[in-house]
Amino acid sequence: MSTLKLTRCDGTALIERHVLGMAEMGYHGISEQWLKRRAGDLHWRLIARAMGQRDAVFTCSEGEPLYAAFCATSLQLKRPHLPRLGGEMTLAADLYRVGHGRLASLLRITVGCDIVGGMILVSTFVGRSEPGSNRSVVRRSPRALAMPPEAPLAVRRFAEKASATAQDIRDDRLKLSGMSETQKVLPCPATEFNAAGLLYFPSYSALADRALFQAGERQTNMVASRYVVYLGNVEPGEWLDINFRKLPSGHDVLLHGPDSRPLALMRVRFDRAS
């Protein structure tokens, strides 16, 4: 992989250009895991820049570490067949505010002059109320507040819908019928947790895909979209219970931690033409 210079566009967007090698390409097209990791890194860099910081390292007013944790992500690949091994891809991200202490970035994905798709990432700041405990993660305010422009309508609507879905799940108002038998998956700290000791946000999708594969769902088409609402985290060594419901072109997937704690709800749709 060759990454060209990180630049800014019109004083707002951060732009990366990548030559697509084995690290960037997956078994079926662009690697969703790589794409989400890059999108997350751009998101955190945008927040740091908005706060006047050089590094994406955040603290509260008491000096305790904070993390920009994702509440929801929306990935849409309208032309997932365009990225090719050896080709070049451009990622351009802008930061916005969506209210209630949340920030959102909008990522545009292009190959040459062609739009491949985009991603919305919505985050809030969190910290641990108990040292070393992922179950004790709570919302906290950073030392400095970022005030980017108000988000476009489509971004605001996605953030609002994700927030409402998360509240319905926590209040046990969302009932999902027709779910499969439980698949149990144990995340590996070396590959699925990040430097903060938290289950990394791209890992939720990877663990869902692993559970589907374990259940005998053999999918050969490329991912066209994936919407994820994040609800909680786990400790290293804790098992996940994963259930899914088959849809005409994809799946609904629900992830639970110990004691049936909801961790994430996602909907993945596959490209029928690939």
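Q: What is the bridge partner of S225 in β16?
A: In this predicted model, S225 has R269 of β16 as its bridge partner. R269 is also the bridge partner of G250.

Q: How do you know that strands β13 and β16 pair?
A: Two strands pair if at least two bridges are found between them. Strand β13 (residues 223–230) and strand β16 (residues 262–270) are joined by seven bridges and run antiparallel, so they count as paired.

Q: What makes β15 and β16 a pair?
A: Again at least two bridges are needed. Seven bridges link strand β15 (residues 250–256) to β16, in the antiparallel sense. Their hairpin has five residues between the strands, and D259 there takes a positive phi near 60°.

Q: Why is T90 called buried?
A: Buried means under 20% relative accessible area. T90 has a relative accessibility of 15%, so T90 counts as buried. T90 is part of strand β8 (residues 88–99).

Q: What makes I109 a contact of T90?
A: A contact requires heavy atoms within 4.5 Å. Leaving out residues up to four places away in sequence, T90 touches I15, E16, R17, R108, I109 and T110. I109 is in contact with M89 as well.

Q: Which residues touch the most other members of the largest nonpolar core?
A: They are L35, M89, I109 and L255, in a core of 55 residues. Helix α1 (residues 32–50) gives the most to this core, with eight residues. Another core, of 18 residues, lies apart from it and includes C71, A72, A151 and L231.

Key
Residues numbered from 1 in each chain as written. Predicted model: local features only at pLDDT ≥ 70, side-chain atom pairs only at ≥ 80, totals over all residues. Heavy atoms only, no water. Core = buried A, V, L, I, M, F, W, Y, C linked by side-chain atoms within 4.5 Å. Buried < 20%, exposed > 50% of the residue type's maximum accessible area, 1.4 Å probe, protein only. Helix = DSSP H or I, 4+ residues; strand = E, 2+ residues; numbered from the N terminus.
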